[in-house]
Amino acid sequence: MKTVHTVEEVRAAEEALMARLPDGALMQRAVAGLVTVCARLLRESGGVYGARVVVLAGAGNNGGDALWAGARLARRGAHADAVLLDPAKAHAEGLTAFRSAGGRVVSVDDGVGLRSALAQADLVLDGILGIGGRGGLRGDAARLAALLREGRTAGAVVAVDLPSGVDPDTGETPGDAVAADHTVTFGTLKAALVVDPGAAAAGTLHFADIGLGPFLPEAEMTVLDDADVAALLPDPGRESDKYSRGVVGVLAGSAQFPGAAVLATGGALHGGAGMVRYAGPDAVATEVRERWPEAIAGPSPDAVGRVQAWTIGSGLGDGREDDVRAALGAGLPVLVDADGLRWLPERFTGPALLTPHAGELSRLLDVDRSAVEARRLHHAREAARRWNAVVLLKGSTTVLAAPDGRVRVNPTGTSALAAAGTGDVLAGLAGSLLAGGLSPLDAGSVAAFAHGLAGQRAAAGSGYPSAGDVLAALPAVLRSLRGPVGGG
Ligand SMILES: NC(=O)C1=CN([C@@H]2O[C@H](COP(=O)(O)OP(=O)(O)OC[C@H]3O[C@@H](n4cnc5c(N)ncnc54)[C@H](O)[C@@H]3O)[C@@H](O)[C@H]2O)[C@@H](O)CC1
Ligand SMILES: Nc1ncnc2c1ncn2[C@@H]1O[C@H](COP(=O)(O)OP(=O)(O)O)[C@@H](O)[C@H]1O
Ligand SMILES: [K+]
């Protein structure tokens, strides 16, 4: 599991650690991690000796890291230029080290010198702002970010700690921000690196351990890995039967969207529940049974028999309010997706998982879709608090927010999933895990993880995978995560 900490938590941990170390030692640890990555990148493009490095240095310690790294690369034979955003406040020791290693300072007002340095650079270090950054980049910093975005350098852009201009605790980009190819981050992850649009601006992540671990509190925000997911996936025991593994009800699909019923039922059948009961109109139920003879079908939630959890809403269309209310009123764990989100109760009192995309969440919260995309974490958290439910906000980086403040960010997403019907597969899969006894936060994050891997696998096997391809890839993904069911 990867942990994500807030600026406040990082600062407290740094203080506690620094009190035990000689002055400047912590920064040198960060610089060592940074230089290791930069040297590796430069070696891939011809070597450190003779390479051209441009350091963009702001007034804080982030600029200090970048100047020290520039100095170390210069000592190994690189030509290093530094652009100081605020020369009077530049990190004094870092700048002295940079100059004495032969580094040259280029004035931010020297347009020709600046463009020429960037054009020739093999590597650009973004040390404009780190965890002290607030608000978007302005003035000269914004101008530098724009030059990089315009492709004025062919060199790799390496962000120090996080891309400058991205809000550290939310991943929001309130104004201009640097778009990096790589980010070397120190001590722990920050939300800026895992939640879009920040995550996209961070490029490839590299982690430099500076020894903060023992001083950091338990993280509210986490990113699951394969082992976490394997441990969470339900494991039928010797005594299990189809009922004890959990029965999931699927209230999805309509004459207009019968495919949603088929895909959600398929997702549910592969998520570990012992049985799937489909509730919907006869014509749709017939299609579901034709594709999935193992599913049991009936016309309404009341008619299909007992379940341990409901997946509600994918492709449901209009006129199904009574059915939705019946399923929601059963007092069972529920997953509510798509059209089901139109009939939410004021607040949930039992386990609930909502799975909106940005458009659906924007309607729920009555804000613009673009506002949701720009502030994904904020809006997911707000909806989680308002409905007392776990909110899984789908999209480029899927985030899950729980009403108690916990957040999980899914690391496996792929744009290959941006195809009609993949959300229905996810809804079925997560509902199945709910029926298997997982909490809404676990069910949602395990489902998103496996679903993302299935998207990747489907994309590897087909040009542009369909939702059916993603569903077909699920069994192998789950098999590789948890091993064969039944211990075979
Ligand atoms: N504290 C430590 O010992 C360590 C700090 N480290 C580095 O230090 C960084 C944090 O350093 P700082 O706390 O000095 O903060 P930053 O270097 O992130 O920048 C803070 C400065 O930028 C200004 N500023 C904030 N937002 C701005 C904006 N939008 N436009 C223009 N100026 C803005 C602030 O007024 C302040 O002067 C970390 O990200 C990391 O890179 C590492 O060296 C590890 C050790
Ligand atoms: N750009 C993207 N990058 C990664 N995943 C995406 C992207 N766009 C959509 N997805 C994923 O694709 C799925 C689409 O679900 P949804 O929007 O509900 O579509 P549908 O209702 O047609 O199934 C979700 O899992 C979502 O997270
Ligand atoms: K930075």
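# Close-up views of a predicted model

**View 1. Arg 291 and Trp 292.** Arg 291 lies over the face of Trp 292, with 3.9 Å to the ring centre. The model shown in this and the following views is predicted. Aromatic pairs are absent: a search of the whole structure finds zero of them.

**View 2. The site of the potassium ion (ligand 3).** Six residues coordinate the potassium ion (ligand 3): Asn 62 through OD1, Ser 164 through OG, and Asp 126, Leu 129, Val 160 and Leu 162 through O. The distances run from 2.6 to 3.0 Å. The angles among the six donor atoms span 68 to 171 degrees, and the site is irregular.

**View 3. Where the donors of the potassium ion (ligand 3) sit along the chain.** The donors follow the spacing N-x63-D-x2-L-x30-V-x1-L-x1-S. Asn 62 and Leu 162 link distant parts of the chain, being 100 residues apart. Asn 62 belongs to helix α3 (residues 61-75), whereas Leu 162 is in the loop between β6 (156-160) and β7 (182-186). Both Asn 62 and Leu 162 are buried.

**View 4. The open sheet of seven strands.** The strands are ordered β4-β3-β2-β5-β6-β7-β8, and their pairing is parallel. At the edges are β4 (104-106) and β8 (204-208), each of which pairs on one side only. From one strand to the next, the twist averages 25 degrees.

**View 5. Strands β2 and β5 within the sheet of seven strands.** Strand β2 (residues 52-57) and strand β5 (residues 123-127) run parallel and are joined by five bridges. Opposite Val 55 stands Leu 125 in β5.

**View 6. The open sheet of eleven strands.** The pairing in this sheet is mixed, and the order of the strands is β1-β9-β18-β17-β16-β15-β14-β13-β10-β11-β12. The edge strands, β1 (2-4) and β12 (296-298), each pair on one side only. On average, and with direction ignored, neighbouring strands of this sheet are turned by 20 degrees against each other.

**View 7. Strands β10 and β11 within the sheet of eleven strands.** Five bridges connect strand β10 (residues 247-251) with strand β11 (residues 275-279), and the two run parallel. Gly 249 is placed opposite Arg 277 in β11.

Notes: Residues numbered from 1 in each chain as written. Chains lettered and ligands numbered in written order. Predicted model: local features only at pLDDT ≥ 70, side-chain atom pairs only at ≥ 80, totals over all residues. Heavy atoms only, no water. Donors = N, O, S within 2.8 Å, 3.2 Å for Na, K, Ca; no water. Tetrahedral: all angles 85-135°; square planar, octahedral: opposite > 155°, others 65-115°. Helix = DSSP H or I, 4+ residues; strand = E, 2+ residues; numbered from the N terminus. Buried < 20%, exposed > 50% of the residue type's maximum accessible area, 1.4 Å probe, protein only. Phe/Tyr/Trp six-rings, centres within 6.5 Å; stacked < 30°, edge-to-face > 60°. Lys NZ or Arg CZ within 6 Å of the ring centre and 35° of its normal. Pairing = 2+ DSSP bridges. Axes fitted to C-alpha atoms, helices over the stretch in contact; angles between N-to-C directions.
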